[in-house]
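Keep the picture open and find each part as it comes up.

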Amino acid sequence: MNYKIILYIYFSFLLINYSLAQKKVGLVLSGGGAKGFAHIGVLKALEENNIAIDYVTGTSMGAIIGGLYASGYTPKEIEELILTEDSKRWATGIIEPKYIYYFKKEPANGEMFKLNILLTSKEAKAQLPTNLIQTHQLDFAAMQLFAEAISAANYDFDSLFIPFRCVATDIYNKKVVVFESGDLGKAIRASMTFPFYFKPIEIDNVLLFDGGMINNFPQDVMIETFNPDFIIGSKTSSNSRKPDSEDLMVQIENMLMTQSQYDLPENGILIESNFDDVNLLDFDKTNIFIQTGYDNTIKLIDSINLLIGSDKKSVAELKRKRDNFKRKTKDLVFKDIYITGLNSREKTFVINSIYKRDTVFNVFEFKKEYFKLLADGTISSIIPEARFNKQSSFYDLYLNVKQKSSFNAGIGANISSNAINQGYASIEYNHLGLFSRILNANIYFGRLYNSLQLKARADFSSKIPIGVSVSYTINRWNYYSSSSDPYFEDIRPPYLIKNESNLRFNLFTPIKTTGMLKFSAAYGDVKDEYYQVMQFLKSDTADITEFNYFNYQLAFERNTLNYKQYPTQGVFQNISINYLTGNEKFLPGSTSLTNETLKNNHNWFNISFTYDKYQRINKRFTFGYYAGGFYTNMNFFSNYTATILNANEFQPTVHSKTLFIDTYRSHSYIAAGIKPIIQLTSDIHIRAELYGMLPYQKIISDANKESMYNTTLADPTFIASVAIVYESILGPASLSINYYDKLDKKYYFVFNFGYILFNSKGND
C-alpha cells in the first residue's frame, strides 16, 4: 500500500512538472517604424536569459522583426541583417549600384514627378503617384527573406520555428486582416505598408495597408489565437496626440491611425522603449534603438523571471530546435515561371528576359533580371512569390506584373535666383509586347534654353539584349539673356543665340549591368547668330554661321551615380570616338568685318574620355575626383566666334552649363578635379568642387577676328564651386557660389531648385 502511495505521489509530481513545462510564453511586437528595431534588443536580452518564446504576433515593424525570428533567424542574425546597407535600401527605395541596369535608362531629363494618365471613353484623368518610395527592393526582399522558411512550414504559420501572426488593414472594409497561412513575405509586406510612403499590396483581391492603422499592438490576436500562459509585450510607439489646428502631420496621423490598446492583462509584462525627437522613418539611429530595447528588457528581466518562474529552455535546446527547423528548408532555386497581369505576348517578353527553358536559376541570378525588367520603361511593379514544388524539387516563381499606365506625363522645373529659370513637360506612351516600345515627347521652355524632342525606343529580349531608338530634337540657347540680371528684360538683342536640330539613330547593348556600348548616327544642322563686336544697335543684324553635318559615334558608358545632379555616390565613365563631316556657311551681318558669304567643308575625328567617381571615406565624408580629356583634329571655322561656338566645351559644374565662356572651350584639352563632400544628413550635404583645365592649344582671335593657336600647353584655367545641397523628393535645392577664372565677373551666387539639364545635341 505504501508502495502504491509512493508511486502515486511520484507520478503526480512528474505530471505537475510536465504541466509546468508546457506553459507557453507569447511575445507581442508593436509597430513604430524605425523605432521598432528596439524589438531586436528585446529578443537578444530574452534569449541571453534563456526565456523561450512560444508564439509571436506583430504589426508593421513588429511584423518584420517577429517574422524573421519566427523564420529561424537568431537575434544576432536579425541585427546583422538590419545593419546592412540592404535594409536601408528597402526603406529608401534606392537600388544597389550593381543592379542599376544602365542600358535600360533614358538620358537624364528635367522631370521632377510623373503623373499617370487614365483614359476613359469620356475624358483623360491625371493620377497622382500613390507612394513616395519605390518598393521594388522591398518586394524582392519579402520573397528572398521568408520563402525558404514558409515552404519548410508548408505555408502554415503555426508550423514555423515559432508560430506567428501578423496583421494588416483592409481600408475598403475598414477592418483588420490577420494572416495565419499563405505566403509569409507578402503578409509581412502588407503589414508594414505605411500609407503614401510605400505602395500598397493586393492579396486575394484585397488592397492592404499597414496593420498599425487599426491595430498597432496585436495582443488581442495573441490571446484569441494562442492564449499563452504569459505575455511579454514590446512597445515602441504611442497613440497620436490630440491634433492641433496648426500641425498638419498630427492631423493626418489621427485620420490614419486608430487608438490602440497597450495595457496587458495580469499575466503580462510590457517593455516600453520611448524615443524623443525621432522620426517614424529615422533609420540612421538603428544601433541606438536596438541597444535601448536591450537595456529596457534587462531592467525588467527579474520581473519576467518572477512571472514565468522556472519555465525556461536552455540556449542549447533553443539552438537545437532552430537547427532542426532550418534543416527542413530548401535553397531558393527556380525552375518554372508563372505570370499574372499580362497577355501571352507580354509574358513571352518577361520570360525570355529571365531565362531560357529547361534551365534552373537561383535567387541571385533572378535578382539581376528582376531589376532589369523593372528598368524597362513599360513595367511599373513586379511582386515575386516563390512556392516550393515537391514534384520538381525546385521552387516555382510566380510574378504578378503590373504595367505602367499606357500614357503618363512628366513635369519639372528649375527655379533660380538668376535668369536661368525653365520649365519641363513630357508625354509618354508605353506598350509591352514581344518587345517593349516607348514613344516620348518633351519640351523645355525658359529664357536660357528651349527645346522640343520626339523619340521612339524599342527593346528586344534577345540572348544579347538590344535597344534601338530614333529621336528628332530642336534646341535653342540664348546665352546673353542667361547672364543678365534676374527678372529684367534685355534692352538690346542677345549677342549669341545657338539654334540646333538633329535626327539621331542609336543602337545599344549592355556591357554587364552598369555599362552600355552604343553606336549612333546623326544628321544635324546648327545656326549660330552672334555679333563679333560688343557695341551694336537694335537695328543691326547678327552674323550667322550655318553648319550641316553627319556624326557617327561609337561609345562606351558606365553609370552608377545615385543622383542625376549633384551625385554623392557611384561612378560615371565615358569613352567615345566620333567622326563628323559637314558644310559650313557664313552669312555676314551689318557689323561684320566682311561682306562676303563664306563656305567651307569640315571633316574631323573626336576622341574623348570622362571618369567621375565618388569614394565614400566614412559615414560623413566622401571624396570625389574627376579626370577628362578631349582630342580632335578639327580645323578652324570662318571666324573666331564660329570656331569657339563649335569647339568642345568644358562644363563640369551644374552652373557652368548655363554660361557661354570661351575660356573653357578648346579643340583639345585635359582636365582634372576634386570634390570633397560632407554629408550632414541623409538628404543634405555640403560639396566643394575644384577643376583645372589645360588646353592643348588655346584658340585666340587675331585682329581680323579669325582664329589662331597660342603657345602649346601654356594657359591653364580653373573652375570652382561651393554649394549646400538638399536632395528633396522632387529634386535638388542648392545654394552655391561659383568661381570662373579669367573673366571680368568671376563670382556667381546662385540659388536653384530643380534640374538644369538639356536634350542632347546631334554632335555630342
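Predicted model: local features only at pLDDT ≥ 70, side-chain atom pairs only at ≥ 80, totals over all residues.

Strand β1 (residues 25–29) and strand β2 pair up in the parallel sense, with four bridges between them.

Strand β5 (residues 164–170) is joined to β2 by four bridges, and the two run parallel. Here Gly 58 stands opposite Cys 166 of β5.

How many residues of strand β2 (residues 55–59) are buried? Five of its five, so the strand counts as mostly covered, with buried meaning under 20% relative accessible area. In a regular strand, side chains alternate between the two faces of the sheet. In β2, one side has Tyr 55, Thr 57 and Thr 59, the other has Val 56 and Gly 58, and all of these are buried, which leaves both faces covered.

Next, a different sheet. This one is open, has four strands in the order β12-β11-β14-β13, and its pairing is mixed. Which strands stand at the edges? They are β12 (361–362) and β13 (379–389); each has a single partner strand, so one side of each has no neighbour in the sheet. Strand β11 (residues 333–340) runs antiparallel to β12, and two bridges join them. Val 333, for instance, has Asn 362 in β12 as its bridge partner.

| Helix | Strands it lies across | Angle to β13 |
|---|---|---|
| α6 (residues 136–152) | β11, β13 and β14 (394–403) | about 5° |
| α14 (residues 363–375) | β11, β12, β13 and β14 | about 160° |

Now zoom in on a couple of single residues. Thr 193 is found in the loop between α7 (184–191) and β7 (201–203). Is Thr 193 buried or exposed? It counts as buried, because its relative accessibility is 0%. The side chain of Thr 193 reaches the backbone oxygen of Arg 189 at 2.6 Å. Setting aside residues up to four places away in sequence, Thr 193 touches Phe 198, Lys 199, Pro 200, Ile 201, Leu 208, Phe 209 and Asp 210.

Phe 572 has its place in strand β23 (residues 570–587). With 21% relative accessibility, Phe 572 counts as partly exposed, because the cut-off for buried is under 20%. Its contacts, leaving out neighbours within four places in sequence, include Tyr 102, Glu 557, Tyr 611 and Asp 612. Phe 572 and Gly 515 are 57 residues apart in sequence, and in space their C-alpha atoms are 9.6 Å apart.

Finally, zoom out to the whole chain. Its secondary structure comes to 16 helices and 34 strands. Of the 764 residues, 51% are buried. Take the contacts between residues at least 6 apart in sequence: 67% of them join residues at least 24 apart. The chain exposes about 36,000 Å², with carbon and sulfur atoms supplying 57% of that area.

Technical notes: Residues numbered from 1 in each chain as written. Heavy atoms only, no water. Buried < 20%, exposed > 50% of the residue type's maximum accessible area, 1.4 Å probe, protein only. Contact = heavy atoms within 4.5 Å. Areas by Shrake-Rupley, 256 points an atom, 1.4 Å probe, with all protein chains shown as cover. Pairing = 2+ DSSP bridges. Axes fitted to C-alpha atoms, helices over the stretch in contact; angles between N-to-C directions. Polar contact = N/O pair within 3.5 Å; in protein donor to acceptor, adjacent residues only side chain to side chain.
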